Amino acid sequence: MGPRTGLSRQILVAMSAITVVAGLLVFFGTYLAYMAIMILHPAQQPEDGLTSIDLAIVCVLIIVALPIAALVSVRLSRRILEPLESLALSARRIAAGDLTARALVGERTLGETAALIDDFNTMAQRLQDMAADMALWNATIAHELRTPLTILKGRLQGMIDGVFAPDEAALRALVLQVDGLARLVEDLRTVTLADSGHLDLRIAPIRLAREIEQMAELMAHDLCASGFHLELDLADLVVGADATRIRQALLALVTNARRYAIRGVITITLASRDETVVLGVADEGPGLSPRMAPGIFDPFVRGDPARARDPGGNGLGLSVVRAIMEAHGGRLHYRSAPGGGALFEMIFVKARRSPMSHDG
């Protein structure tokens, strides 16, 4: 109650001071006006100067003016105090951890005060939403980490107890679980750094087509083993980007297509469009359902499990790509490919044509 009492006392003292000052102004103003009239019109000045009747009139005016001023002050202070007290109480509740607290706007609240309370309530709602998102994020991370850790612990305990033989196959399976944990941690790190604006980028002009061709050579064998074939349609363009991060994003998109698309061709295109460079990765279907498409870039959102060939996904791949593109000042866009598959487009701004010849 300390802040509330202090606020009320300050405003009431201020209003009381206004009332007293108003009374003094009325008294001295009336007296000065009377004296000015006497000086300007001496013929109308009474012989005895200021009479008792005149003083009585001044006193009556003061007595009438003071209650009116006091009433106006009290009503004004009430209109100011009620919403501010609600605001102060809500702020204390939020500071104590109650993010559901909201300030109330009175029926006759002043316009600026009402706007202040609306801004405060908007801020409180955003804090509540952020806290809810953080709680969900932490719970999801814990769930994602628990599965591989449980497998690792069970297998290692089984080896200690002699249930599993520590042969090469068993150790390779454990290494795969560790790799999955490492990917999850790195993806979480990338998304978190990007959201906070601290993702470290080493921006330099790169020939994007050459980077893509080198990636394609590295991915070709594994894709062929899975029944996929890469097709490239690349314009020779130079963009300012972090080559390592772009390779990471491209690998995530191709891996996503390999996991969920039907076996066939994965097409990587690179073209200049208006003032942008567009790097696209398209598959042959079946694409995303209308229900899933709007939230596909949210963390831990996975495609249809029945279509997934690789159960090792963590649901962060597209979130990582979006984070990398936003850190570059670009964006990630999804639309249906002409053949009915999924087309993910990494859109960079400010493209320029390479002065170098394309040498394959």
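Which residues do ring pairs link into a cluster?

## Aromatic cluster

Ring pairs join Phe-297, Tyr-334 and Phe-344 into a cluster. This is a predicted model, in which local features need pLDDT of at least 70 and side-chain atom pairs count only at pLDDT 80 or more, while totals for chains, interfaces and linings use all residues. Residues are numbered from 1 along each chain as its sequence is written, and side-chain values use heavy atoms, with hydrogens and water left out.

Rings of Phe, Tyr and Trp (its six-membered ring) pair if their centres lie within 6.5 Å, and planes under 30 degrees apart count as stacked, over 60 as edge-to-face and the rest as tilted. By this rule there are two aromatic pairs. Phe-297 and Phe-344 make an edge-to-face pair, 6.3 Å centre to centre with 65° between the planes. This pair links distant parts of the chain, since Phe-297 sits in the loop between β5 (276–282) and α7 (317–327) and Phe-344 in strand β7 (residues 342–349), 47 residues apart. Tyr-334 and Phe-344 form a tilted pair, 5.1 Å centre to centre with 45° between the planes. Tyr-334 lies in strand β6 (residues 331–336) and Phe-344 in strand β7, so this pair ties together parts that are 10 residues apart in sequence. Helices (H or I, at least four residues) and strands (E, at least two) are DSSP runs, numbered from the N terminus.

## Burial of the rings

Phe-297 and Phe-344 are buried, and Tyr-334 is buried as well; buried means under 20% relative accessible area, exposed over 50%, and partly exposed in between (1.4 Å probe, protein chains only).

## Phe-28 in helix α1

Phe-28 lies in helix α1 (residues 2–40) and is partly exposed, with a relative accessible area of 45%.
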